[in-house]
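Biologist: Could you walk me through this one? I'm new to it, so please spell out your terms as you go.

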Amino acid sequence: MAELRDDIEPGIITVAYGTNDFFHFPKAEVRESKAREYLDLIKEAYGDKKVFVISPIWRANAECNVIGEEFHAFRLYIENLARERGFF
């Protein structure tokens with residue numbers, strides 16, 4: 001994964017993560033691994049800043065069915081990862 005840090009010193013970091021990965025990686029364990037890796041990278045690069053994580057928002061192609069249940073579970077997974085890392 002690429003390094004995130006550069007010469008910019010932001011006060012707040014906003015991350016919107018997960019909606020593309022949900023449909024790109026069909027296996028939950030792969031999606032979860034990618035999410036964990038990415039949020040760990042954010043923590044390492046910007047852990048001293050306020051980090052806000054926007055979990056995947058509702059999509060028309062993730063209605064309340066099996067896909068919808070998995071989508072909701074992935075959203076909760078990202079929210080928990082964010083909390084564990086001290087993100088908002």
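Biologist: Which residues make the nonpolar surface patch of about 300 Å²?
Modeller: In this predicted model, Ile12, Phe52 and Phe88 make that patch, where a patch takes residues with over 30% relative accessible area and no salt bridge, joining like charges within 9 Å and nonpolar side chains (Val, Leu, Ile, Met, Phe, Trp, Tyr) within 5 Å. Accessible areas come from the Shrake-Rupley method with a 1.4 Å probe, and for residues only the protein chains shown count as cover.

Biologist: Is Phe88 buried or exposed?
Modeller: Phe88 counts as exposed, at 51% relative accessibility; buried means under 20% relative accessible area, exposed over 50%, and partly exposed in between (1.4 Å probe, protein chains only). The charged end of Lys50 sits over the ring of Phe88, 5.5 Å from its centre, the criterion being NZ of Lys or CZ of Arg within 6 Å of the ring centre and within 35 degrees of the ring normal.

Biologist: Switching topic, how many aromatic pairs are there?
Modeller: There are six aromatic pairs in the structure, counted when the ring centres of Phe, Tyr and Trp (its six-membered ring) lie within 6.5 Å, with planes under 30 degrees apart called stacked, over 60 edge-to-face and the rest tilted. One of them is the edge-to-face pair of Phe22 and Phe71, with 5.0 Å between centres and 85° between the planes. Phe22 lies in helix α1 (residues 19–24) and Phe71 in helix α3, so this pair ties together parts that are 49 residues apart in sequence; helices (H or I, at least four residues) and strands (E, at least two) are DSSP runs, numbered from the N terminus.

Biologist: And what does Asp40 meet in a salt bridge?
Modeller: Asp40 meets Arg85, at 2.6 Å from N to O, a salt bridge being a side-chain nitrogen of Lys or Arg within 4 Å of a carboxyl oxygen of Asp or Glu. Arg85 is buried, with a relative accessible area of 13%, and Arg85 also forms a salt bridge with Glu84 (3.4 Å, N to O). Through shared partners, salt bridges join Asp40, Glu84 and Arg85 into one network.

Terms used:
Residues are numbered from 1 along each chain as its sequence is written. This is a predicted model: local features need pLDDT of at least 70, side-chain atom pairs count only at pLDDT 80 or more; totals for chains, interfaces and linings use all residues. Side-chain values use heavy atoms; hydrogens and water are left out.
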